[in-house]
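Got the sequence and the 3D view open? Let's go through it together, one question at a time.

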Amino acid sequence: MDIDSHWLARRFAEHKPRQDDQRSPLQRDKARIMHSAAFRRLQAKTQVLGVGMNDFYRTRLTHSLEAAQIGTGIAAQLRCNSPEFADLIGSDNLIESLCLAHDLGHPPYGHGGEVALNYMMRDHGGFEGNGQTFRILTRLEPYTREYGMNLTRRTLLGILKYPVLMSALGSSAPRQGVDNFRQLKAEQWLPGKGVFDDDADLLSWVLEPFSNADRQRLTRTRSNPAGQQRAQYHSLDCSIMELADDIAYSVHDLEDAIVMGIVNYRSWRENVADPIAGIDGTYLAGQMETIGKKLFSDEHHLRKDAIGTLVNAFVTHSHIVAQGEFESPLLSHHAVIEPAYAECLGYLKRFVLRYVIQKPEVQILEYKGQQIVMELFEAFASDPNRLLPRSTQKRWQAACEQGHSGHRVIADYISGMTDEFAARLHQNLFTPKSGNLAELHSPF
């Protein structure tokens, strides 16, 4: 199945006389992502464990690189398992682009920063990482004056994990804010999953080639176990990216936790190895004792072998299934992991969530970052023309002239910060006898 020309279209038609440039449009998309400032900033943004003195564990950047490698492995496996869909499955350049870009919109301090911005934006359209990624790609990254990176429509479709507007999701958050930031309960302010209403025109452009019926189906929502509305569907390309992200998160973040002594063999055995050993239909069941011994070995090469075994098991047991009643093949097919292996991956994800992400020591760092982000936002919102960098001031003023509050511009500015930049800026604003002009220079 050939890619129709409208999926390779860009919002702004480019006519760049690059002599002998043999790259495809999707190769050029990948280059724009890799050379962007937003991508470079991922090297100093928290993945799970904070960026600090230990240079071993992963950042958002290294996580994205690993997800890209896993994503191309999944795509190769799908082409092998389902050759009839080989032409439909996105090229390696496309899949790499999606995996490299999928975390661009995450703010400093991981999910703590995301909760903080969602709270501060509660009356102005909310905040969510994937929605911000879409905004960076289509508006903010200054590859062009007004069109962001000006990527192809297919790349933008693939990045949309939740192709619905925030206003279609409703809200499960409390109606009123808290009296003091310190009282904020993160679980009450988890972000909705969608595209900001400010970017409705961009979403419409991306979905334009689909039939009316497909657009209506694609924007359907359903309730999750927590009672929040979520998008039901996304594209085939996006499903491959999500699988790669899940595998990278579950397996590689586990490796970091083991090396740093955050988890032990006993908890691994009780919560992962023994349950997986009881799952029928997967060769991992008989391998868990060996894998566990290698994971917790002092020999680095044995641990890497165990990590490779786990990744390989999930990648090689991925396949394509039908999804919904869509007319477009980009929407009517979905990449999944076989049920038995999906169950295994679920045990790994829950283990990392419980014993790493929800560990009090990690949550204390998230809480600290959450406070920093909210206090920065409050300061900038109090006097934007005084405190925001010049370029951001202009965007804030333009937003106000168009009848907006300007809060989205402040959220854009803060979400682009690295952990260290946000911490220094907070210190310069609120700590006596701290700060100098060099430290206050903004890269945005």
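Q: Is His 234 buried or exposed?
A: Keep in mind that this is a predicted model. The relative accessibility of His 234 comes out at 10%. Buried means under 20%, so His 234 counts as buried.

Q: How many salt bridges does the structure hold?
A: Side chains of opposite charge can pair when their charged atoms come close. Here, the count of salt bridges is 26.

Q: How many residues apart in sequence are the parts that Arg 28 and Glu 14 tie together?
A: The side chains of these two, Arg 28 and Glu 14, meet in a salt bridge at 3.1 Å, N to O. Arg 28 lies in helix α1 (residues 25-34), while Glu 14 is in the segment before α1, so the parts tied together are 14 residues apart.

Q: Which of the two, Arg 28 or Glu 14, is buried?
A: Arg 28 has 22% relative accessibility, so Arg 28 counts as partly exposed. Buried means under 20%. At a relative accessible area of 16%, the buried one is Glu 14.

Q: What is the distance between the closest N and O atoms in the salt bridge of Arg 135 with Asp 199?
A: This pair links distant parts of the chain, 64 residues apart: Arg 135 is in helix α6 (residues 129-140), and Asp 199 is in the loop between α7 (153-159) and α8 (200-207). Arg 135 counts as buried at 7% relative accessibility, and Asp 199 counts as buried at 0%. Both also belong to a salt-bridge network that has Arg 139, Asp 201, Arg 395 and Asp 412 in it. For Arg 135 and Asp 199, the closest N and O atoms are apart by 2.8 Å.

Q: Why are Arg 266 and Glu 270 separated by about one helical turn?
A: These two form a salt bridge, with the closest N and O atoms 3.1 Å apart. Arg 266 counts as exposed at 63% relative accessibility, and Glu 270 is partly exposed at 46%. The separation is about one helical turn because, in helix α11 (residues 265-277), they are apart by 4 residues.

Q: What separation do the C-alpha atoms of Glu 343 and Pro 275 have?
A: Glu 343 lies in helix α15 (residues 339-357) and counts as partly exposed at 38% relative accessibility. Along the chain, Glu 343 and Pro 275 are 68 residues apart, and their C-alpha atoms are separated by 9.7 Å.

Methods:
Residues are numbered from 1 along each chain as its sequence is written. This is a predicted model: local features need pLDDT of at least 70, side-chain atom pairs count only at pLDDT 80 or more; totals for chains, interfaces and linings use all residues. Side-chain values use heavy atoms; hydrogens and water are left out. Helices (H or I, at least four residues) and strands (E, at least two) are DSSP runs, numbered from the N terminus. Buried means under 20% relative accessible area, exposed over 50%, partly exposed in between (1.4 Å probe, protein chains only). A salt bridge is a side-chain nitrogen of Lys or Arg within 4 Å of a carboxyl oxygen of Asp or Glu.
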